[in-house]
Amino acid sequence: MARLLFFGRLADIAGGAERDMPLSPAIGTLTQLREFLAKENSALGEALERPNIRAAINKALAPLRGDFPISDADEIAFMPPLSGG
């Protein structure tokens, strides 16, 4: 079962910071996961389409667009831009 993590305002939009989710065989890439999440929650889908959103797979940064492979055993994090000082 994949563990999805949402940080910052994405957690508010997603309805929580964490979600465990079995990935169907139709969800084998990060793009397919984003499309699935957008069908479930259009506001989350719109937020994940913003160019400044980042993703990490198993704590390593990954390209949010394209065919980056994911599996049912992965931890997948979605992060808004970080700021601080």
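Trainee: How far apart do the centres of the positive and negative side chains of the protein chain lie?

Mentor: This is a predicted model, in which local features need pLDDT of at least 70 and side-chain atom pairs count only at pLDDT 80 or more, while totals for chains, interfaces and linings use all residues. Residues are numbered from 1 along each chain as its sequence is written, and side-chain values use heavy atoms, without hydrogens and water. Lys and Arg count as positive and Asp and Glu as negative, with His and the chain ends not counted; each charge is placed at NZ of Lys, CZ of Arg, CG of Asp or CD of Glu. The protein chain has 9 positive and 11 negative side chains, and the centres of the two sets are separated by 5 Å.

Trainee: In what order do the elements of the protein chain run from the N terminus?

Mentor: Helices (H or I, at least four residues) and strands (E, at least two) are DSSP runs, numbered from the N terminus. The protein chain has three helices and five strands. From the N terminus on, their order is β-α-β-α-α-β-β-β.

Trainee: Which elements do the buried residues of α2 pack against?

Mentor: Buried means under 20% relative accessible area, exposed over 50%, and partly exposed in between (1.4 Å probe, protein chains only). In helix α2 (residues 30-40), the buried residues are L30, T31, L33, R34 and L37. They cover an arc of only 160 degrees around the axis, which puts them on the same side of α2; the arc is that of the directions from the helix axis to the C-beta atoms. With contact meaning heavy atoms within 4.5 Å, these buried residues pack against β1 (2-6), β2 (18-21), α3, β3 (54-57), β4 (60-62) and β5 (75-79).

Trainee: Which residues does E49 touch, not counting those up to four places away in sequence?

Mentor: E49 belongs to helix α3 (residues 42-49). Its relative accessibility is 45%, so E49 counts as partly exposed. Leaving out residues up to four places away in sequence, E49 touches R34 and R65.

Trainee: Is K59 buried or exposed?

Mentor: K59 is found in the loop between β3 and β4, and has a positive phi of about 70 degrees although it is not a glycine. N58 lies in the loop between β3 and β4, with phi near 50 degrees, and is partly exposed at a relative accessible area of 44%. For K59, the relative accessibility is 71%, so this residue counts as exposed.
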